[in-house]
Amino acid sequence: MEGFKRAFSAPWPKTLRYQGDGRPFWRIVVAEATDCTNNDYFEEVYQYYAYGDAWRLPAGAYEMLHDLKNAGFKLAVISNFNTRKLLKDLHVSEMFDAIDVSSEVGHEKPAPEIFKIALDQMGVEAGKAVHVGDDETADKAGAKAIGLECWLRGEDVKTFAEIRDRILTRFPE
């Protein structure tokens, strides 16, 4: 875990991190995180994480999404991760009104354009939305640039139940 934290905190070039299947990006991350540059090892790791079976939603995430969707809220994913269809494998893609991946829309967080694209797809004004993220620079700076409120998970909000409750309170119907 420490290796992956180190890899993700490294400075990246100004070009998009993900192009095509994301292999060049992930090759760098895996090598940095594990100190292993063996191509067979990389392919095994890459293929393992390419599918939803290797991933789990955090506790309370599904319930929060379900509750907000049932309450009539529009939901979006704004991500700098690659184009693998993990949300479908995790059975949550149908809950989102917009799924914007940096390599597909041509802008990477913190660029305000990626946030604007999601808002436009949902037909929602920035002042009537909140972005929940986990990165001070990528999430807060980008959201703030277009007047979008942002809460950092683990700092501003601790649990998915708290996110749900704050949204329901902040945006009553």
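**Figure 1. Salt bridges across the chain.** There are nine salt bridges in this predicted model, counting a side-chain nitrogen of Lys or Arg within 4 Å of a carboxyl oxygen of Asp or Glu. The model is a prediction, so local features need pLDDT of at least 70 and side-chain atom pairs count only at pLDDT 80 or more, while totals for chains, interfaces and linings use all residues. Residues are numbered from 1 along each chain as its sequence is written, and side-chain values use heavy atoms, with hydrogens and water left out.

**Figure 2. Arg6 meets Glu32.** Here the two side chains form a salt bridge, with 3.1 Å from N to O. Arg6 sits in helix H1 (residues 2-9) and Glu32 in helix H2 (residues 23-34), so this pair ties together parts that are 26 residues apart in sequence. Helices like these are DSSP runs (H or I, at least four residues), strands are runs of E (at least two), and both are numbered from the N terminus. How accessible is Arg6? Arg6 has 38% relative accessibility and counts as partly exposed. Glu32, with a relative accessible area of 34%, is partly exposed too. For the cut-offs, buried means under 20% relative accessible area, exposed means over 50%, and partly exposed is in between (1.4 Å probe, protein chains only).

Figure 3. The side chains of Asp67 and Arg164 make a salt bridge at 3.2 Å, N to O. Asp67 belongs to helix H4 (residues 61-70) and Arg164 to helix H9 (residues 160-170), so the pair ties together parts that are 97 residues apart in sequence. Asp67 is partly exposed, at 31% relative accessibility.

**Figure 4. Lys69 reaches Asp97.** This salt bridge spans 2.7 Å from N to O. It links distant parts of the chain, 28 residues apart: Lys69 is in helix H4, and Asp97 is in the loop between helix H5 (86-89) and strand E2 (98-101). Asp97 has a relative accessible area of 36%, which makes Asp97 partly exposed. Lys69 is partly exposed as well, at 26% relative accessibility.

**Figure 5. The buried face of helix H4.** Which residues of H4 are buried? They are Ala61, Met64, Leu65 and Leu68. Looking down the helix axis, the buried residues of H4 fall within an arc of 95 degrees, so they line one face of the helix; that arc is taken from the directions from the helix axis to the C-beta atoms. Helix H9 is included in what covers these buried residues. After H4 comes Gly72, with a positive phi near 95 degrees.

**Figure 6. Two nonpolar cores.** A nonpolar core is a set of buried Ala, Val, Leu, Ile, Met, Phe, Trp, Tyr and Cys residues joined through side-chain atoms within 4.5 Å. The largest one has 18 residues, and Leu65, Phe73 and Ile167 have the most contacts inside it. H4 and H9 are the elements that give two or more residues to this core, and H4 gives the most, with four residues. Zoom in on Phe73: leaving aside neighbours within four places in sequence, Phe73 is in contact (heavy atoms within 4.5 Å) with Leu68, Asp97, Ile167, Leu168 and Phe171. A second, separate core has 13 residues, including Ile78, Phe115, Ala118 and Leu148.

**Figure 7. Aromatic pairs.** How many aromatic pairs does the structure hold? There are four, counting rings of Phe, Tyr and Trp (its six-membered ring) with centres within 6.5 Å; planes under 30 degrees apart are stacked, over 60 edge-to-face, and the rest tilted. Phe42 and Tyr46 form a tilted pair, 5.6 Å centre to centre with 35 degrees between the planes. They are four residues apart in helix H3 (residues 39-48), or about one helical turn. Phe42 is buried at 3% relative accessibility, and Tyr46 is buried at 6%. Tyr49 and Trp55 have ring centres 5.5 Å apart and planes at 70 degrees, so their pair is edge-to-face. Tyr49 is partly exposed at 36% relative accessibility, and so is Trp55 at 34%. Together with Tyr48, Tyr49 and Trp55 form one aromatic cluster.

**Figure 8. Two domains.** The domain assignment gives domain 1 (1-50) and domain 2 (61-170), with bounds that come from an automatic or database assignment. Their centres, taken over C-alpha atoms, are 24 Å apart.
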